Amino acid sequence: LYKDENTGAIQVTIDPKNPNIIYADMWAGRQGPWENGAWDGKESGLYKSTDGGTSWKKITKGLPTIEQGLARIGFCIAPSDPNRLYATADAREAGGIYRSDDAGVSFTMVQAGSFKDMEFKPGDPTVVYTSTGSGTIRRSTNTGDTWTNLSGGLPTTSLGRVALAVTPANPEYLYAL
């Protein structure tokens, strides 16, 4: 899935029920001082392979475009229902959380804003967690229709990027790094 010298994969995930289906998040960017620390290129986006990585198709339906300032996309697949995906789109316009119920064929925005990582609760494709740019962790128990801020042991100062994990062995525990 090589695009160019400015673009790299920042996340690759295999469908938990079909190893031939692979999703990859590509981010085109440079962080040089001559570019004022920010430049995003045209190859950023979410890609899908249905043949084990031999060929790839860029997923665009419902997600922000390069013209809308698309930069990084993060995503997660529901282990219990791989047709349900969430994507966090970092974009100048239309940035937010998007949901797909058709294995990435199309996405619908469920929450505007700036979000980072996402994680499903194992065994329940209706419960999903996300972290915001300020370090707040949020949970939806109804496929992203409404969100609740979680608290408990996290510093109140800005955490920046927060990585989330929920293990199948203990799905009641959410780990934040």
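In the predicted model, aspartate 145 forms a salt bridge with arginine 99, the closest N and O atoms being 4.0 Å apart, where a salt bridge denotes a side-chain nitrogen of Lys or Arg within 4 Å of a carboxyl oxygen of Asp or Glu. Aspartate 145 lies in the loop between strand 12 (137-140) and strand 13 (148-150) and arginine 99 in strand 8, so the pair ties together parts that are 46 residues apart in sequence; strands are DSSP runs (E, at least two residues) numbered from the N terminus. Arginine 99 also forms a salt bridge with aspartate 101, at 3.2 Å between the closest N and O atoms, and the side chains of aspartate 101 and arginine 84 meet in a salt bridge of 2.7 Å, N to O. Through shared partners, Arg84, Arg99, Asp101 and Asp145 are joined into one network.

With buried defined as under 20% relative accessible area, exposed as over 50% and partly exposed as in between (1.4 Å probe, protein chains only), arginine 84 is buried at 13% and arginine 99 is buried at 17%, whereas aspartate 101 is partly exposed at 41% and aspartate 145 is exposed at 55%.

Strand 8 (residues 96-100) runs antiparallel to strand 9, to which four bridges join it, and glycine 96 stands opposite alanine 112 in strand 9.

Residues are numbered from 1 along each chain as its sequence is written. Local features of this predicted model need pLDDT of at least 70, side-chain atom pairs count only at pLDDT 80 or more, and totals for chains, interfaces and linings use all residues, while side-chain values use heavy atoms, with hydrogens and water left out.

Conventions: Pairing = 2+ DSSP bridges.
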